[in-house]
Amino acid sequence: MEYLSITLALFAVFLAIYYYNKRKHSLFKEHGILHIPPTPIFGNFGSLITKRETMQEVIQKSYDLHPDAKYVGFYEFLQPIILLRDPDLFKSIAVKNSESFPDHRKFVDERTDPLFAGMLFQLTGDQWKEQRNMLSPTFTSSKIKNMFRQMSDCAQRFTTALSKLPEKEREVEMRNLLARYTNDVIANCVYGVPVDTMKDPKNIFFVYGRAATLLSGFVTSIKMMLHRNWPNLAVALRLGYIKKHHSDFFTDIVQKTIKEREATGTQGSDMLQLLMDIRNRKDASKGMSVNDIICHTFTFFFGGFDTISSQSSFVAHMLVENPEVQERLQEEIDETLEKTNGQLTYEALSEMKYLDAVVNETLRLFPIIVFLDRLCTIPFELPPALPGEKPFVVQPGMNIWLPVYSVHRDPKYFENPDKFDPDRFLNDGKKILNSAIYMPFGMGPRMCIGNRFALTEMKVLFCHLLARCNVKASSRTLIPMKLEKGVFNVTAKNNQFWLKLEPRKNIHPALLQNGVANGVCNH
């Protein structure tokens, strides 16, 4: 009798799951929207979960369903997603009608991870709007220019150390190596803490920062999927991203710095000081709390630590695969340093057109973010996906995806889209950058607030690195590039970029003097 009861109970659970799944996966079929038939529970994510495909390959299959469709359907587990394919709709959703799609779908709950949930990217509604408006002035060109010398000093000290590596140590894993540079830049420019991770690789900023921001593994991707699709389960399982002692570190350092500066009247030349100034502004409607400052400084750390080191690793890899590009870029760098007597300036960096083109082309080929998402809050009617079909009304709570990777490699928009060709940005740079088909940092009001800072950080790095070193293939370099499967972001296989650094013989004389003080970046 007990066995029969258990069997009936399991059968009832199975039926409930079956009909719930069938109901959730019926939307696109009912509305006649093109989609790949989903598998139970997993939707169109089965091959990602089993690590048989990359996220971009999963999306690409739906993107390729029809060359003329303005959008198609896609299931993230049980969640129906509208995958846009039309640049006019990109602008309509992300820019013109952003009030109907103002937010991202959250990938963490504040009950499990308050520091992560408080990042600007995770804020919604009026809270996001107010904080974004207050933060925007901190990322102007003039503000970044004020931090440029600190950033450049960090890059100069970092690359000088690389140029002096013993021959046996010149084969390096670039992503982890470049994380030392991004750590030093953020510690200096955001928190006002001078660190030298090349000399002290176990400094607490680097150790805790890497642990808190390393979100590119398979386990982390599973956590994100659970938070996005079954948030209550993720909360019940206490699936956070940041350990408490790491969170406490970033909280304590901000609280102590604010207390010390306010007590002594000290002014820093960093992002933290800019946020303190906003907090003390009399015209601020509600002001910025200390907790807001803690979350925002961590936002900058999170956005600039692993993301920039990974993106910079793709740049370095493309220079290895295309040595003629590296040589041409070094010529531009050498010419620039000759004009400035070896001292890189913000103005000189801004004039380096080929460097711009190389970085932008890498961002086109390997955008770290595979897709942009927007969450509907007001019913919005999309035009018919194909001629003769009916319009579709997106309901509040539904998610819209803009497939960045797929659009960046669509032959409809880019000739020879899989070819690394910086010249396309020299010839049509303004047109591409101002279009809806290039969006490595997002689009519209939700565009990444730190894009100028990130681009400057990468360009400064490569100016100093290529002035001192050649980047070459090592025995472990993956050519052509192979990407990791089963993760949300774009990264190399096994999350590793193995390359070889060789010191240049024709270094500009002014660089040999190494005017940067030993130990820390100059302020």
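The lining of the largest cavity comprises 29 nonpolar, 13 polar and eight charged residues; Ala, Val, Leu, Ile, Met, Phe, Trp, Tyr, Cys and Pro are classed as nonpolar, Asp, Glu, Lys and Arg as charged, and the others, Gly among them, as polar. This is a predicted model, in which local features need pLDDT of at least 70 and side-chain atom pairs count only at pLDDT 80 or more, while totals for chains, interfaces and linings use all residues. Residues are numbered from 1 along each chain as its sequence is written, and side-chain values use heavy atoms, with hydrogens and water left out.

**The largest cavity.** Select Phe121, Phe302, Gly303, Thr307 and Ile369, which are the closest to the cavity centre of the 50 residues that line it. A cavity is a set of points, on a 1 Å grid over the protein atoms alone, where a 1.4 Å probe fits but cannot get out; lining residues have an atom within 4 Å of a point. The volume of the largest cavity is about 1,300 Å³, taken as the space filled by probe spheres set on the points, with grid points joined across faces, edges and corners. Next, colour helix H7 (125-135), helix H11 (218-229), H15, helix H16 (306-321), E4 and helix H22 (451-468), each of which supplies at least two residues of this lining. Helices (H or I, at least four residues) and strands (E, at least two) are DSSP runs numbered from the N terminus.

**Helix H15.** Select residues 290-304, the 15 residues of H15. From first C-alpha to last, H15 reaches 21 Å, close to the 21 Å expected at 1.5 Å a residue, where the expected span is 1.5 Å times one less than the number of residues. Of its 15 residues, 12 are buried (under 20% relative accessible area, 1.4 Å probe, protein chains only). Among them are Asp292, His296, Phe300 and Phe302.

The structure holds two cavities of 30 Å³ or more.

Finally, display the four strands of the open, mixed sheet, in the order E1-E2-E7-E4; two strands pair if DSSP finds at least two bridges between them. Its edge strands are E1 (71-76) and E4 (372-375), each pairing on one side only. Six bridges join E1 to the antiparallel strand E2 (residues 79-84), and Tyr71 stands opposite Leu84 in E2.

Conventions
Buried means under 20% relative accessible area, exposed over 50%, partly exposed in between (1.4 Å probe, protein chains only). On a 1 Å grid over the protein atoms alone, a cavity is a set of points where a 1.4 Å probe fits but cannot get out, and a pocket is an open set with protein on both sides within 12 Å along at least five of seven lines; lining residues have an atom within 4 Å of a point.
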